[in-house]
Number of protein chains: 2
Amino acid sequence: MSNLLEESVLAKEYLKRVGDMAELRMREHLPLDTNEPKRLHEAMRYSMFAGGKRLRPALAYATFEAFHGKGDSIWLAASALEMLHTFSLIHDDLPCMDDDDFRRGMPTAHKKFGEATAVLSGDALCIHAFGLLAKTGSAQVVETIAHSLGTSGMIGGQMIDIESEGKPVSLETVDYIHYHKTAALIEASLVVGAILAGASEEQIQPIRDYGHAIGLAFQVVDDILDIEQTTEQLGKDAGSDLEKGKATYPSVIGLDASKKQAFELYESSIRALDRTTADTKVLRSIAAFIVTRVN
Amino acid sequence: MSNLLEESVLAKEYLKRVGDMAELRMREHLPLDTNEPKRLHEAMRYSMFAGGKRLRPALAYATFEAFHGKGDSIWLAASALEMLHTFSLIHDDLPCMDDDDFRRGMPTAHKKFGEATAVLSGDALCIHAFGLLAKTGSAQVVETIAHSLGTSGMIGGQMIDIESEGKPVSLETVDYIHYHKTAALIEASLVVGAILAGASEEQIQPIRDYGHAIGLAFQVVDDILDIEQTTEQLGKDAGSDLEKGKATYPSVIGLDASKKQAFELYESSIRALDRTTADTKVLRSIAAFIVTRVN
């Protein structure tokens, strides 16, 4: 574990540096809240700049760099990925979904702006993100992201997550939810970085496998943190998964087995990177960061 | 008026014929409700096949034909346009928005499937539509639609619509709402048909102006029908705009002036078509249909 903590130092620096760069671009790419509809633009910016690790932009950029990508279009994609992630958080927090009042220590969008504005700000971030992805000029990028978000991806995962609440579920179902709800977009973020750097399908496959593994690991660790951390550390209600009867790794296989699973996913992600000729130093460190993060 | 009714006969036949063709493609392009998440796919299909004029697919196809377009990608776009329209209806009907129980004579999505599934089915249709638009291979098509849907288009119109409820509004505000909420996507449907047929920007401009005019006319007529038709004719509650204090043309300038306005928009749309060399017979007829429709 101490080795992994050392490994993750580079990732932390990278996430901070690239996260700051991504935030600058996001501010440019979002409509101004001095323009109509002001309240809607204000709500979009509120949720976008309420903190967050900027993991998806960093993953896209790290992959772009790993394949020696050139040009500025990666920032369009990086901004779009964070918008799509934020869209999913806003809608997931709604009263009819997970009904959460706090996110990253701040009131959720519907608490701050009301439900109608929250729904519309999520819709708008999703649509705006697709506009930015299109501006990269690559229809393949748009298609990759749409596939990872739709009923075969994130939205599909959220649907099964909600349907499974309070019911006994199998490990297979938890895997389905975690892969679709979380890993699919993480995987797609990497693939988009690779596409924009001009990587071939053959070069992309190991990156996809890496993304699958770290995406699942990210969610398993999230499940563990929900149990082990305090509300203050999480910035949202601790133990809320348990309270809501959410399908999680610890609830199905226990806490120790979940930790073991997270570490195995880490190892699997590194094995995937061993199959690529890309410069994967940062991606390796990000994998270590994901399994050792304390939030 | 009797001339316009004659003019609109061709449009009615065209909407029926192209609408049927579009429905076949939509059935192909939507995920099967025998696949997981079944209930989500069922909800998407329920709202997509609950009737509707299929106006946006027909407008895209008519413009594609007007510019002698070739190939099959227009059907991807046509299906996507109807999905995007349906997404907007599902979210507009939600309890936190317009809180409507019926649409086209059937229970609205949230009444039939619950609110969480309704929100997610709208999200999924939006995302799926962008995937289909990307499959046309044209990033310009994706960008055009994203622009017409976001805060500078449909979602922006919906936001101001909701903010204006129950307040005295100016004609300028009603124009803003109607243009953004309704006309922007109608205009973009035409533009996408033209792009996919290979039309130049110079050729597209008159089509854009036509779309602006018929898009506004469509919504003005909708306002008039809400007052003059019965609940049975409408398939939703008659007089509901008035009851909700919605910003409409009749509420701001009166019923007679609204009818005059609809006719002037019709004339303006025809003048726009006079400036193009495309074969606009069907588009002319659709304009006549829009101002004479009884639902």
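Which residue of chain B comes closest to the rotation axis? I looked this up and found Ala139(B), with its C-alpha at 2.6 Å.

I am working with a predicted model, in which local features need pLDDT of at least 70 and side-chain atom pairs count only at pLDDT 80 or more, while totals for chains, interfaces and linings use all residues. Residues are numbered from 1 along each chain as its sequence is written, and chains are lettered from A and ligands numbered from 1 in the order in which they are written.

Symmetry. I superposed chain B on chain A by a rotation of 180 degrees with 0.0 Å of shift along the axis, at RMSD 0.0 Å (least squares on C-alpha atoms of residues with pLDDT of at least 70 in both copies). The two copies are thus related as by a two-fold rotation axis.

Interface. I noted 40 residues from chain B and 39 residues from chain A in the contact (C-beta atoms, placed from the backbone, within 7 Å). On the chain B side, the elements giving two or more residues are H2 (38-48), H6 (115-135), H7 (139-149) and H8 (154-164) (helices are DSSP runs of H or I, at least four residues, numbered from the N terminus). H6(B) gives the most, with 13 residues. Of the interface residues of chain B, 98% are also interface residues in chain A, so the copies meet through the same surface.

Helix pair. I then checked H3 (residues 55-66) and H15 (residues 281-292) of chain B, which pack at about 150 degrees with axes 8 Å apart (axes are lines fitted to C-alpha atoms over the stretch in contact; angles run from 0 to 180 degrees between N-to-C directions). H3(B) and H15(B) are therefore roughly antiparallel (angles over 145 degrees).

Note on methods
Contact = placed C-beta atoms within 7 Å. Parallel < 35°, antiparallel > 145°, perpendicular 65-115°, else oblique.
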